[in-house]
Amino acid sequence: MSASAEATVLITHAVGLHARPSVKFTKLAKSFAAEVEVAVAANGPWFDAKSIVKVMAAKAPKGTMLHIRAKGDGAAQAVKALVDLVQRDFDEDADHARSA
Amino acid sequence: MRIEGIPASPGYAEGPLFDLDQPPGSYKAKASAEEEQAALVSAIGKAVGRLTALVETADGDAAGILEFHIAMLEDDALSGPALAAIGSGQPADAAWRAALDSEIAGYEASDQDYFRARAADLRDIRDQVLRALSEEGEAEAPPGAILYGEDIAPTRFLETDWNKGGGIALKRGSTASHVAMLARSRGVPMVVGLGDDAQTLTGVALLDAERGGIIFSPSPAEVETFRQSASSFADRQGAARTFLIEPAVTKTGTAVRVQVNIAYPSDVDGIDVATCDGVGLMRTEFLFGKALPDEETQYRAYRKVLEWAGDKPVTIRTVDAGGDKPVPGFTVEETNPFLGLRGIRLSLKRRDIFRVQIRALLRAAIHGNLKVMFPMIATHDEYAQAAALFAEEQSALAAEGVAHKLPPLGIMVEVPSVALAPEDFADVAFLSIGSNDLTQYVMAAARDNAAVAHLNSVRHPAVLRLIASVAAFGQKKGVPVSLCGDAGGDPAAIPALLEAGLRDLSVAPAQLAMAKAAIADVSV
């Protein structure tokens, strides 16, 4: 039951982990039972990835190496899904990024 | 001047009009920190409710911004510091303003334009809640008032003291909304769909929620006629009450079981257990409210009702969130929530939350005659998965040496797939027809939309045919079948339901007497 996983991903989205991207990010994080955290540096501070207030407070712009770690049920799946989301630029095109 | 509407909860009310849509006032401090905190939580909820309604009409970009606001408001991390400040003596409005201003300062200090720009969003979020908070301080409706407006929030209904009479008159609204359900169960007269024709918003009005209408600025003659109708209604209700203490039987002597639907554990406080055959539906989503309840809270709630019922059965439905019943931190936002992740679908997806409820149910089961049912079952596999989780948690409790019992597990019949092909479900302990959802799915008419309310009838032959075939299946296979939707307590629907073969109905407590009286009139 003490599964854990960790990964790092480069934020390529124009405005970074921002209003609309962070809505998607936290919603996806919340769909997993595992505890999930993010940080903009390997040594932290770590923020609760399910809290949009905390994720926004991490202020991660484009070009940030985002660290994601999870522990508990489905930890590996959670990390993988979140990394995928960041790599897909949060499923937004450039046009949307403007006003996000 | 009389305006016609649709009756949502029968009865009569004569009283001063109270405008539900009046502009906000200023915030009034509460007596204790707990009340201040409750005022803040409720104001946040109100702001989220408003934004959610806006999202539906907004286009892509605007909707994206609104969704961001909603997500921020729903995050406990945003309200946490304000709630803590209230705990140490601040009033809700000042605490919220200070907490948000500090958050806003953080954004303004950012060296990136994008993040700095979010300060405007935070200010918007701050002001939406301040606005909702100041409404909390508005003049309260006088006792016995008729609440009149576009629509009414469930919280407003719950805040109002209905002991002094009064009623609800809505320009829009729906007979299937949660407030309508609550109004029926508390016996509060309510009319919906009155439209925009009314000019007068002050003075005394007469609410006729039996036929569906409201009279503004009534003449003495109208008042006289109205009072006669009201007293005749009261007499009929009084006569029905003589049926209340007797078991329900039809004119030809067929016994019908009549149970009650409840939403809150405290609902049973006002019910004499001798007047019903048990609890046919105990909803659990209201327990979930703003936050997810822990195992102990749930256990105590279930145990209270089981102990009240003694050896009569109590059927508890596992959480039916989603659809028109969002739970922050649990349900997901969807474009078509009635067809989305709700009921058992959501519980199977969020097993961590579901397991907490299962453990509470297994532990409570030793205190009475518990039955558990799953909402929104569409396939047998969902039932099997849910039943397997009960088995798993049962072994876990056994291993821990915790007292528990496995209750009979049944399903709600509300998705047409189950009503059409019940043969897959011969192994479930019982079937309970949820007529509200079954009707909305068969008729493709959302239960919260007044514009299609005329389609939303359980008495449509298609719905009745499905109910009859489920009843027949249960009869043949020895699987008990009951019905727990609003139709069960509707005197106009009861004859058709009994003719369809049902002998077990569950109704709102306020409808027990009228339902038994209606049953006594049927010859089956």
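1. Fold order. Read from the N terminus, chain A runs β-α-β-β-α-β-α-α. That gives chain A 4 helices and 4 strands. The model is predicted.

2. Burial and contacts. Of the 100 residues in chain A, 42% are buried. Take the contacts in chain A between residues at least 6 apart in sequence: 74% of them join residues at least 24 apart.

3. The sheet. Chain A has an open sheet of 4 strands, paired antiparallel, in the order 1-4-2-3. Strand 1 (4-10) and strand 3 (47-48) of chain A are at the edges. Each has a single partner strand, so one side of each lacks a neighbour in the sheet. Helix 3 (residues 75-87) of chain A packs on this sheet. There it touches strand 1, strand 2 and strand 4 (65-71) of chain A. The direction of helix 3 makes about 10° with that of strand 1 of chain A.

4. The strand 2 to strand 3 pairing. Strand 2 (residues 35-39) and strand 3 of chain A run antiparallel, joined by 2 bridges. Within strand 3 of chain A, A:D48 is the residue opposite A:E37.

5. The contact between chains. Chain A puts 18 residues into the contact and chain B 19 residues. On the side of chain B that touches chain A, the elements giving two or more residues are helix 2 (60-74), helix 3 (76-87), helix 5 (113-136) and helix 12 (351-364) of chain B. Helix 2 of chain B supplies the largest share of that side, 6 residues. By class, the side of chain B that touches chain A holds 8 nonpolar, 7 charged and 4 polar residues.

Technical notes
Residues numbered from 1 in each chain as written. Chains lettered and ligands numbered in written order. Predicted model: local features only at pLDDT ≥ 70, side-chain atom pairs only at ≥ 80, totals over all residues. Buried ≥ 20, exposed ≤ 12 C-beta atoms within 10 Å, placed from the backbone. Contact = placed C-beta atoms within 7 Å. Nonpolar A, V, L, I, M, F, W, Y, C, P; charged D, E, K, R; others polar. Pairing = 2+ DSSP bridges. Axes fitted to C-alpha atoms, helices over the stretch in contact; angles between N-to-C directions.
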